[in-house]
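My entries follow in the order in which I made them.

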Amino acid sequence: MDVLENYKKAWVNQPEEQSKHSTKEIYKLAHSKSSSIVKWIFIIGILEFLFWGALSFVVPDSFYKVYEELNLTGFLKIFTVLHYIIITIFLYLFYNNHQRVSLTDSTRKLMKNILRIRKTVKYYVFYNLATVFLVSIVLNVVLFSDSEKLMQTMNPNNLAIDMSQIITITIVSQVIALIIILVLLWLFYKLVYGILLRKLNKNYKELARLDALN
Amino acid sequence: MQKDLEIKFLSDFETNQNIAHKICRVYTTNRDAHNDLFQEITIQLWKNYPKFRGDAKFSTWMYRVALNTAISLYRKSTRTVKTQDISDFAYKIKATDYDDTEEKQLGALYKAIHRLNDIDKALIFLYLEDKPYKEISETLGITSVNARVKMNRAKEKLKNILNP
């Protein structure tokens, strides 16, 4: 006889749960808040949206002077609008994913939906990092295309430094700043979404592996 | 209408709640985590209840939703398996004895199940609950032939843990 059959007998005869819930308690539980990962991804997305939105109100006007001097105000406005449209689309996708996850589906279908969520989050993170990267590229191109303005922006006190030094300093400092910002953002996303996705990811891999055996 | 539905749900769930408790025992190792998962299962069952058409038994539907909740949703995972304490070890030795009491067998069984991955846990759980392959395959969304193959692997793993 299968050795597990013995254990199965023990399983079948196991005592019922001692602390059973009454219908009243079940009612309370059923109406409490869910802590599902998908929901949290959606909520954090909204918080992030609000955070960056609020930040633009807090930033002093002087910050935008640089853009003004470089004639980039128009670009900045168009870019901001575009950015928010895209973020809204992402939020919609998060929400849609959240709604689509139905636990009555078979486990496999559920996992497929989870995979979709993972992809959306990944694209979202990439989009944010790419935006930072692109904006800094645009800024640099504009900056370097006009040496007078470069001089003005980077050396407002008219120190006695020659042009090539300015360019070197600018490039080096920009690259370092860009790397630091990208790494910090990447770490932030890794931390926030990484923790949420890790669990989902592990289970998905498990199921995908099972599926591959077929 | 909503009220009737709710009363029906509450009484159905109350009578079948042991299924959810067993799933919590399989997927968690302490009381707090057990209660957390039980709460999440309750929420998900109630949320999905309007979609339950009643063409299957409530308990069958409940197995699916509760297991999927356990597999896919956040729960406080207690990753303390690595440090195996002495009582755990004693369980394991004794459990190999056939004359042992069912209580100890059950303890050993749970300890062993806790070391399986989440999908294998589901497979073994459905096996122990004596579910037919048809139901197992529907719950997991795989063919019943596939379910058999997977089940055999999961059982092999479990046996290896029980009797290394």
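**Chain A: surface and helices**

I began with chain A, whose accessible surface comes to about 13200 Å², with 68% of it belonging to carbon and sulfur atoms; accessible areas here come from the Shrake-Rupley method with a 1.4 Å probe, and for residues only the protein chains shown count as cover. I note that this is a predicted model, in which local features need pLDDT of at least 70 and side-chain atom pairs count only at pLDDT 80 or more, while totals for chains, interfaces and linings use all residues. Residues are numbered from 1 along each chain as its sequence is written, chains are lettered from A and ligands numbered from 1 in the order in which they are written, and side-chain values use heavy atoms, with hydrogens and water left out.

I find eight helices and zero strands in chain A, where helices (H or I, at least four residues) and strands (E, at least two) are DSSP runs numbered from the N terminus. Of the 214 residues in chain A, 36% are buried, that is, under 20% relative accessible area, with exposed meaning over 50% and partly exposed in between (1.4 Å probe, protein chains only).

**The nonpolar patch**

I then looked up a nonpolar surface patch of about 980 Å², whose members include A:Phe144, A:Ile171, A:Val183 and A:Trp186. Such patches take residues with over 30% relative accessible area and no salt bridge, joining like charges within 9 Å and nonpolar side chains (Val, Leu, Ile, Met, Phe, Trp, Tyr) within 5 Å; a salt bridge is a side-chain nitrogen of Lys or Arg within 4 Å of a carboxyl oxygen of Asp or Glu. Helix H8 of chain A (residues 163–212) gives the most to the patch, with 10 residues. A:Val183 lies in this helix H8 and counts as partly exposed because its relative accessibility is 42%.
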